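Please view the sequence and the model together while reading.

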Amino acid sequence: MAEALWNRSPKTFWQSIRKSKKSWLPFTVGGETGNKAVTVMWRKHFSALLNSSTNCGIGNFVQQYISSHSYFEGIDELMCNSFKIKSLLHKLPLNRAAGKDGIFAEHISYADSSVCNHLSSLFNVCLMHGKIPQERMQTVIVPSCKNKNGNISDAGNYRPVCLATIISKLCEHYILSCISPLLATTNNLSGFKPKHGTDMCNFLLKQTMSYYANKDTPVFSAFLDASKAFDRTNHNLLLTKLIKRNVPMCIVRLLLSLYRQKTMQVKWGTNYSSPFTVTNGVRQGGVLSPNLFAVYLDELSIQLGSARVGCTVANMVVNHLKFAVGICVFSPSISGLQCLLNICGDYAAEHEITFNCKKTIGVLFLPKKV
C-alpha cells in the first residue's frame, strides 16, 4: 500500500486495501476466551433462546385440526411442476454463502433444466408426506455483530444469522407462492410487504402529528421494540393463526416439519458446535420468516384498531403503526395511550413477546404554539 501511494497509483492502492480487509473475530466473547470455548458458549446461548417457549408442544387446537382433517385435502391444486421451479429459481439470490451441504444457489440456477423436474418431484413428495429430508433442513447459525463500534465482546451485541440449505430456501419460496394470498395483514404494517416500506409509516406518522399540531392538540406516543422477536415466535400459536386463515393441511404439516424437526449448529470462525433442536422461533433471514412474523402480530393490530382509542383522522382511527419488529402507539390523551399500551402488554404476555425497555421511548408531540 505504501509503495502504491508513493508511486501515486490510486488503483493499485485501493486494490491492496480491499485485499487487506480480512474478517476477524474477537478472542473473548461473553466471558469465554478462545474460539472453541466461545463456540460452546454460543451453542448454550442460542439453544436456550430457541427453546425458551413455555408452550413448546403442539397445542390442542393444532393437534385436533391435524387429526380431524385429511392430509391430502386440496393437495392437487398445490402440486409443483418444472415450470414453477424455473420461476422460483430467479428469486434465489446469487453470490451468497452456502448452507451446511455446501451447495450454492449458482449450482442450481446454472444447472441443466432437468434439475427442475427432480426438484418438483422432491417437493411433491414432501407435500404428500408432510416432511422434508433431514439433511436439507440443517441450518448453521453465524453470530453477526450488530454494532462494530460497540462492545464486540458482549454477547448481547450479536444477532444470529442463519445459513440454510438452498433446497430449504427454494422450498420456502414454493410454500410462499402457494399461501401468499392467505398471509395478508392490516394496512398499519408497511414492512414485509411488496412495494411497501417503513418510509410509508414515517410519512403517515408525520402527517398525523401535523394534523393534530394544526388543531393545537398534543399527541402522546410510545415506541416499542420487541426483543429477539423472530427467535421467540411460538410455533403453536403461529400454526393456530395459519389454520384460522384456512391454510391447507398439507402446508401446515410441511411448516411443522420445517420448523420443528430441524437441527441447528453454531459456526464461530472454523469451529462448529454440536447440533441442537429448536422448539420456537422463525429463521433469521428466511424467505417465509417476515411473512409469518407479520401474521403472528396481525391480531395485535386488529385489537388496537378495534379499541377506538387514540388519534382520529377523517373519522378513521389511526392509533398505531408497525415497523419491522417495532410498534408505535399514539393518542391525544395520556389515558388513551395507557389503554393502547395495556393492549400491547396483554398481547405480548399471551404470545411470549418481550419488549426491550432500553429501546422503548415515549415522545410528546406538542403544537407549534406551545
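The model is predicted. Helix α7 spans residues 114-129, and its buried residues line one face of the helix because they fall within an arc of 160 degrees seen down the axis.

**Helix α7**
- With 16 residues, α7 reaches 23 Å from its first C-alpha to its last, close to the 22 Å expected at 1.5 Å a residue.
- Cys116, Leu119, Ser120, Phe123, Asn124, Cys126 and Leu127 are the buried residues of α7.
- The cover over these buried residues includes α5 (82-89), α6 (105-109), α8 (166-179) and α11 (249-260).
- His118 and His129 are exposed on the other side of α7.
- Gly130 follows α7 and has a positive phi, near 70 degrees.

**Surface patch**
- A nonpolar patch on the surface is formed by Tyr71, Phe72, Met79, Val125 and Met128, which together have about 430 Å² of accessible area.
- One of these residues, Phe72, is located in the loop between α4 (60-68) and α5.

- Most residues other than glycine have a negative phi.
- Asn95 has a positive phi, near 55 degrees, and lies in the loop between α5 and α6.
- Asn95 is exposed, its relative accessible area being 73%.
- Asp216 is not a glycine, yet its phi is positive at about 55 degrees.
- The loop between α9 (198-214) and β5 (219-227) holds Asp216, which counts as partly exposed at 41% relative accessibility.

Technical notes
Residues numbered from 1 in each chain as written. Predicted model: local features only at pLDDT ≥ 70, side-chain atom pairs only at ≥ 80, totals over all residues. Heavy atoms only, no water. Helix = DSSP H or I, 4+ residues; strand = E, 2+ residues; numbered from the N terminus. Expected span 1.5 Å × (residues − 1). Buried < 20%, exposed > 50% of the residue type's maximum accessible area, 1.4 Å probe, protein only. Arc of directions from axis to C-beta. Contact = heavy atoms within 4.5 Å. Patch = residues over 30% accessible without salt bridge, like charges linked within 9 Å, V, L, I, M, F, W, Y side chains within 5 Å. Areas by Shrake-Rupley, 256 points an atom, 1.4 Å probe, with all protein chains shown as cover. Salt bridge = Lys/Arg side-chain N within 4 Å of Asp/Glu carboxyl O.
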